[in-house]
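Keep the model open beside the text.

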Amino acid sequence: MTDRQETISLRVERRTAWITLDRPPLNILDIRMMETLDAELERALPESDFVIFQGAGPKAFSAGAEIADHTPERVGTMLSAFHAIFRRLSKADCVKIAAVHGFCLGGGMELATLCDFVLATKSAQFGQPEIKLGCYPPVAMVTLPHLIGVRAAADLILTGRQIGAAEAQRLGLVTRIVPDSELRNAVDNLLLEVRAFSPSVLQLTRKTLWNLHSAEFAEQLEEIERVYLSVLMKTHDAQEGVRAFLEKRKPVWKAN
């Protein structure tokens with residue numbers, strides 16, 4: 001099965017769903033793209049043992065969510081659409097793989113953190129730059145401490161700095177690093193490796209592992225989302241950070 005819904009391309013074969021974020025050059029996720037991705041996942045997940053996420057074009061896996069959708073009028077809709085993707089993925093028993101090249105930032109990196117495997121090219125760049133906009137990354141606030149520890153998560157979330165694939169692997173965010181030209185081959189080899197196992201046992205094992213270490217994902221995301229909308233986005237600085245980015249100027253913080 002092959003389907004293309006504008007900025008999301010879906011191909012399902014051999015119970016494997018290939019999902020391409022197709023909005024180059026940076027594959028920025030706007031509200032419509034988020035809703036389309038969630039709809040495609042709803043279709044694909046029941047008939048897939050494996051799901052691979054990849055980005056179109058040479059520059060990025062995804063550089064995150066559309067900043068224009070963070071304005072007070074749209075942020076609630078954006079967050080609801082974005083988090084619907086993660087709530088759906090967290091309940092799915094299939095093995096999830098992120099094939100990362102180029103920039104993997106913000107919401108793009110958050111998507112990678114929810115995958116079981118992250119294959120990255122040597123030149124890939126990771127980061128959660130939300131703090132620079134006066135915001136924070138809700139999903140990463142839940143997933144990163146489990147993946148790399150609270151102190152390393154705090155370093156990335158509170159500084160917004162970018163890191164390369166080698167550091168991301170040392171921290172535990174990246175599973176394997178491959179040459180820039182070998183990403184597709186690396187995904188194919190990983191699929192060949194895990195397809196040799198019992199699909200039912202593989203799914204049961206990853207489900208049990210997830211339940212042991214991230215059982216409270218939904219509840220934690222709900223609380224972080226509540227604070228984001230009812231507290232953070234009502235502050236001057238959060239709104240100022242978004243305005244400043246859109247107006248291409250430095251933000252003027254008031255520390256309220």
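Helices (H or I, at least four residues) and strands (E, at least two) are DSSP runs, numbered from the N terminus. The model is predicted, so local features need pLDDT of at least 70 and side-chain atom pairs count only at pLDDT 80 or more, while totals for chains, interfaces and linings use all residues. Residues are numbered from 1 along each chain as its sequence is written, and side-chain values use heavy atoms, with hydrogens and water left out.

Start with the strands. Two strands pair if DSSP finds at least two bridges between them. Strand β2 (residues 8–13) pairs with β3 in the antiparallel sense, over six bridges. Ile8 has Leu21 in β3 as its bridge partner. The hairpin of β2 and β3 has two residues between the strands, and Arg14 takes a positive phi near 55° there.

β3 (residues 16–21) also pairs with β4. Six bridges join the two, and they run parallel. Find Ile19: its bridge partner in β4 is Phe53. On the way from strand to strand comes helix α1 (residues 31–44); β3, α1 and β4 make a right-handed β-α-β unit. A crossover is right-handed if, with the strands pointing away from the viewer, the path from the first strand over the helix to the second runs clockwise.

Next, β4 itself. It spans residues 50–55, and five of its six residues are buried, so the strand is largely enclosed by the rest of the structure. Buried means under 20% relative accessible area, exposed over 50%, and partly exposed in between (1.4 Å probe, protein chains only). β4 pairs with strand β6 (residues 95–100) as well, in parallel, through five bridges. Gln54 has Ala99 in β6 as its bridge partner.

Go back to the loop between β3 and α1. Which backbone features stand out there? Most residues other than glycine have a negative phi, and most peptide bonds are trans. Pro25 sits in this loop, and the peptide bond from Pro24 to Pro25 is cis, with omega near 15°. Asn27 is in the loop between β3 and α1 too. Its phi is positive, about 50°, although Asn27 is not a glycine. Is Asn27 buried or exposed? Asn27 counts as buried, because its relative accessibility is 0%.

Lys248 has a positive phi as well, near 60°, in a residue other than glycine. At 77% relative accessibility, Lys248 counts as exposed.

Ala60 stands opposite Phe103 in β7.

Thr71 counts as buried because its relative accessibility is 16%. Leaving aside its neighbours within four places in sequence, Thr71 is in contact (heavy atoms within 4.5 Å) with Val242 and Leu246.

Two packed helices are described by the angle between their axes and the distance between the axes. Axes are lines fitted to C-alpha atoms, for helices over the stretch in contact, and angles run from 0 to 180 degrees between N-to-C directions. α1 and α2 pack at an angle of about 25°, with their axes 9 Å apart. They are therefore roughly parallel to each other. Angles under 35 degrees count as roughly parallel, over 145 as roughly antiparallel, 65 to 115 as roughly perpendicular and the rest as oblique. Residues of α1 that meet α2 include Ile31, Met34 and Leu41; among their counterparts in α2 are Met78, Phe82 and Ile85.

Helix α4 (residues 138–148) and helix α9 (residues 217–230) pack at about 140°, with axes 8 Å apart. This pair is therefore oblique. Where α4 meets α9, the residues include Val139, Val142 and His146 in α4, and Leu221, Ile224 and Tyr228 in α9.
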